[in-house]
Amino acid sequence: MALLLVLMALASLATAADDAPPSKDVETFEPKDRSLFVRNIPGINGFSSNIYEIPMHPYHFDLQPLQALSVLSAGCGGGEADCAACSGEIVFTQPSPGAPVLVMGNVTGLAAGMHGFHVHLRGDMRMGCESAGPHFNPYLHRHGAPQDPMRHVGDLGNIKAGDDGVARVEFLDPIISLTGGPRGIVGRTLVVHAGQDDLGRGHDKESIVTGNSGAMVCCGVIGYLN
Ligand SMILES: [Cu+2]
Ligand SMILES: [Zn+2]
């Protein structure tokens, strides 16, 4: 009903504009605390359809972005040289439930080049990163690339470290989620590997399980920030 009223007000505003030059009173038709906006949430192939909604403030004020954090620290236990140096912080932001998640942050102390970057099943670091278990895979798919429709939910591809050993991470992922449910990653472990993830294209048995990305150099449990 309120939406209808606003649309009628907008319509009458438009006709008034046709008949006469806009007067200075026009602004009074748009109360600043009830702005109308359109939001588009892209669908995920095979999982959910597009969401197209017209929220009207302040009626949808409770939809706050969800945020989660993973503080990465060395955890390979074996004492390998590149394990000791690796650390980082990655922040996950999901504007609303079902929306793609923005993954942002830095990982330092890496060897230059590509490093596999995954969410692993368990939020357990009692025996270092190894305790986190396999890739987070609630749908029992094969390992793949982030853009593959069929992949482990935890498959976030590779991050690239420069000559300074720093990987600057910033991408959107449409599959992982910060809400609970089957795709929820909070309470699980984010892992950085020593080697490059072949994204399931390695043509061997291990490629479709781990992507042949080698040892885990650092990891951190993902926890809520808000
Ligand atoms: Cu991994
Ligand atoms: Zn995987």
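1. Is R126 buried or exposed in this model? R126 is exposed, because 7 other C-beta atoms lie within 10 Å, where the cut-offs call a residue buried if 20 or more other C-beta atoms lie within 10 Å of its own, exposed if 12 or fewer, and partly exposed in between, with C-beta atoms placed from the backbone. R126 belongs to strand 7, residues 126-129, and its C-alpha atom is separated by 9.7 Å from that of G75, 51 residues apart along the chain.

2. On provenance, this is a predicted model, in which local features need pLDDT of at least 70 and side-chain atom pairs count only at pLDDT 80 or more, while totals for chains, interfaces and linings use all residues. Residues are numbered from 1 along each chain as its sequence is written, and chains are lettered from A and ligands numbered from 1 in the order in which they are written.

3. As to the overall fold, the protein chain has two helices and 11 strands, where helices (H or I, at least four residues) and strands (E, at least two) are DSSP runs numbered from the N terminus. Read from the N terminus on, the order of elements is α-β-β-β-α-β-β-β-β-β-β-β-β. Of the 226 residues in the protein chain, 31% are buried. Among contacts with a separation of 6 or more, 62% are between residues 24 or more positions apart, a contact being a pair of residues whose C-beta atoms, placed from the backbone, lie within 7 Å.

4. Strand 3 and strand 4 run antiparallel and are joined by eight bridges, and L72 has G88 of strand 4 as its bridge partner. Strand 3 also pairs with strand 11 in the antiparallel sense, over five bridges, and here S73 has C219 of strand 11 as its bridge partner. In a regular strand the side chains alternate between the two faces of the sheet.

5. C219 deserves a separate look: leaving aside neighbours within four places in sequence, C219 is in contact with L72, G75, M125, C129, A132, T189, L190, V191 and V192.

6. L140, in the loop between strand 7 and strand 8, has a positive phi of about 55°, and L140 counts as exposed because it has 6 C-beta neighbours inside 10 Å. N212, in the loop between strand 10 and strand 11, has a positive phi near 55°, but N212 is buried, since 21 other C-beta atoms lie within 10 Å.

7. P97 is partly exposed, because 14 other C-beta atoms lie within 10 Å. The C-alpha atoms of P97 and I41, 56 residues apart along the chain, are separated by 9.7 Å.

Definitions and conventions
Two residues are in contact if their C-beta atoms, placed from the backbone, lie within 7 Å. Two strands pair if DSSP finds at least two bridges between them.
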